[in-house]
Amino acid sequence: MNAFVMGIDFGSTTAKTVILDLDGGIVASNVAHMGAVSGQGVVASVADALSDAGLTQADMVRTVSTGYGRRMLDIAEKNYTEITCHARGAVAMVPEARLVIDIGGQDSKVIAVDANGLVVQFAMNDRCAAGTGKFLEVLARAMEIELDAMGGVALEAEQELKISSMCATFAETEVISLLAEGHGKPDVLAAVHASIANRTLGLVSRVGKVGPVAMTGGVARNPAAVHHIEKVLGMPLLLPERPQIAGALGAALLALDDYRASLGRSARPENDDDLESRIGIPGSCAPACKGNPAAAAAAAQSTH
């Protein structure tokens, strides 16, 4: 009988699914864009991944979930925090990475990792859109530009401007004011991306700047974000081919570990519910979903 494992990253704005064979090879992966913590988005992502692989859920011997909605999935036997899964997945894609910067839809994470993809330290801004994909989305609407076009236009900037507020609401007001003063969109967009880079640098400083550095998450596909983060770090970023699936890949690898442990072939992955308190970095946190789907949805939708 052919057997496979599945990892699902139930994110705040996208759902990601990765299916692995028992040798750890990726059989299928899928990224589904959706509304905030959408169960329909997860169903679509899982269904499309299974369809691409020519498999059914019955072929999955283990399923592990992560992300904001990780406790809301009945098909997952286990779930792990984003920190654990993103670290594991990032190192699987970029083995030399010792620091992972992940900027997703609603949060930013900086994770120091070892050669096995295990978490050493981390810092995270949560329950605030500052410096995240949501931050870019809000400002794209304010500037009447497509989200996917922002990065390319920002790289055309000729003047250095500054966005002083990292709150999405107040930054939107600043952006509108700068445009009203006659500044061009490229210059204003460059300021937006520079503010994200500075916010990211603050998280890096809490963990410690080590290299090489990998960047994952949807914002890793934005060339201006990559450029400005590289500029403030003073070092290049290593970019996986599919940066958005890092969390789902990590979850799938943990599912594979757990299945192998059931066969007596490896140690069972450690439960990481107490990861944040065990590491003990002041201010570090993970999404506040402790078995309460309503709390997960509220956390994912909160911005300021």
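**Figure 1. Helix α3 and the largest pocket.** In this predicted model, α3 contributes four residues to the lining of the largest pocket, the most of any element. Helices here are DSSP runs (H or I, at least four residues), strands are runs of E (at least two), and both are numbered from the N terminus. A pocket is an open set of points on a 1 Å grid over the protein atoms alone, where a 1.4 Å probe fits, with protein on both sides within 12 Å along at least five of seven lines; lining residues have an atom within 4 Å of a point.

Figure 2. The volume is about 690 Å³, counted as the space filled by probe spheres set on grid points joined across faces, edges and corners. Among the 34 lining residues, Thr13, Gly133, Gly218, Val219 and Gln244 come closest to the centre. Two or more lining residues come from each of β2 (14-21), α2 (82-93), β6 (99-103), α3 (133-142) and α4 (150-154).

**Figure 3. The second largest pocket.** Here the space is about 430 Å³. Its 23 lining residues include Glu160, Leu161, Ala190, Ala194 and His228, which lie nearest the centre. Two or more residues come from each of α6 (185-207) and α7 (223-233), and α6 gives the most, with eight.

**Figure 4. Residue classes in the two linings.** Ala, Val, Leu, Ile, Met, Phe, Trp, Tyr, Cys and Pro count as nonpolar, Asp, Glu, Lys and Arg as charged, and the others, including Gly, as polar. The largest pocket's lining has seven nonpolar, 17 polar and 10 charged residues. For the second largest pocket, the lining has 11 nonpolar, six polar and six charged residues.

**Notes.** Residues are numbered from 1 along each chain as its sequence is written, and side-chain values use heavy atoms, without hydrogens and water. In this predicted model, local features need pLDDT of at least 70 and side-chain atom pairs count only at pLDDT 80 or more, while totals for chains, interfaces and linings use all residues.
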